[in-house]
Amino acid sequence: QNQHCRNMMRMVNKNKALYGPGPLARRPAGGIGAMPPLRGLVTCAVQGGVVSLLGGFAYLVLVGNPGMKKIDDYYKANPTR
């Protein structure tokens with residue numbers, strides 16, 4: 001039974017087309033994937049936040065705020081007493 005366990009351990013990562021030559025050889029050459037895990041996570045989160053803020057600001061400048069425009073138009077047409 002011990003021989004069977006050793007054989008199972010040797011079967012891991014035998015398909016080089018799927019898994020490559022080994023777990024350490026699959027690291028990207030650069031970018032977020034090559035960073036240490038915590039630094040990569042923080043970098044990814046910061047970049048996502050910056051992109052979302054820029055996208056929201058661009059939407060606000062280009063489209064405006066349609067919900068607030070409707071509310072303002074309603075109160076212009078129906079002033080409070």
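Leu 38, Leu 41, Val 42, Val 46, Val 50 and Leu 54 make a nonpolar surface patch of about 590 Å². Areas come from the Shrake-Rupley method with a 1.4 Å probe, and for residues only the protein chains shown count as cover.

A word on what we're looking at: this is a predicted model, where local features need pLDDT of at least 70 and side-chain atom pairs count only at pLDDT 80 or more, while totals for chains, interfaces and linings use all residues. Residues are numbered from 1 along each chain as its sequence is written, and side-chain values use heavy atoms, with hydrogens and water left out.

| Residue | Relative accessibility | Class |
|---|---|---|
| Leu 41 | 57% | exposed |
| Val 42 | 43% | partly exposed |
| Tyr 75 | 48% | partly exposed |

Val 42 also lies 9.8 Å from Ile 32, C-alpha to C-alpha, with the two ten residues apart in sequence.

Now the fold. The chain has four helices and zero strands, as DSSP runs numbered from the N terminus (H or I, at least four residues, for helices; E, at least two, for strands). Helix 3 has 26 residues, which should span 38 Å at 1.5 Å a residue, and its end C-alpha atoms agree at 37 Å apart; the expected span is 1.5 Å times one less than the number of residues. After helix 3 comes Gly 64, with a positive phi near 85°.

How much can you trust? pLDDT is the predictor's confidence in each residue, from 0 to 100. The chain averages 80, with 67% of the residues scoring at least 70. Confidence is highest in helix 3 (residues 37-62), at a mean of 94, and lowest in helix 2 (residues 16-19), at 61. Where pLDDT is low, the predicted coordinates should not be read in detail.

Buried residues make up 6% of the 81 in the chain.

Note on methods: Buried means under 20% relative accessible area, exposed over 50%, partly exposed in between (1.4 Å probe, protein chains only). Patches are made of residues with over 30% relative accessible area and no salt bridge: like charges are joined within 9 Å, nonpolar side chains (Val, Leu, Ile, Met, Phe, Trp, Tyr) within 5 Å. A salt bridge is a side-chain nitrogen of Lys or Arg within 4 Å of a carboxyl oxygen of Asp or Glu.
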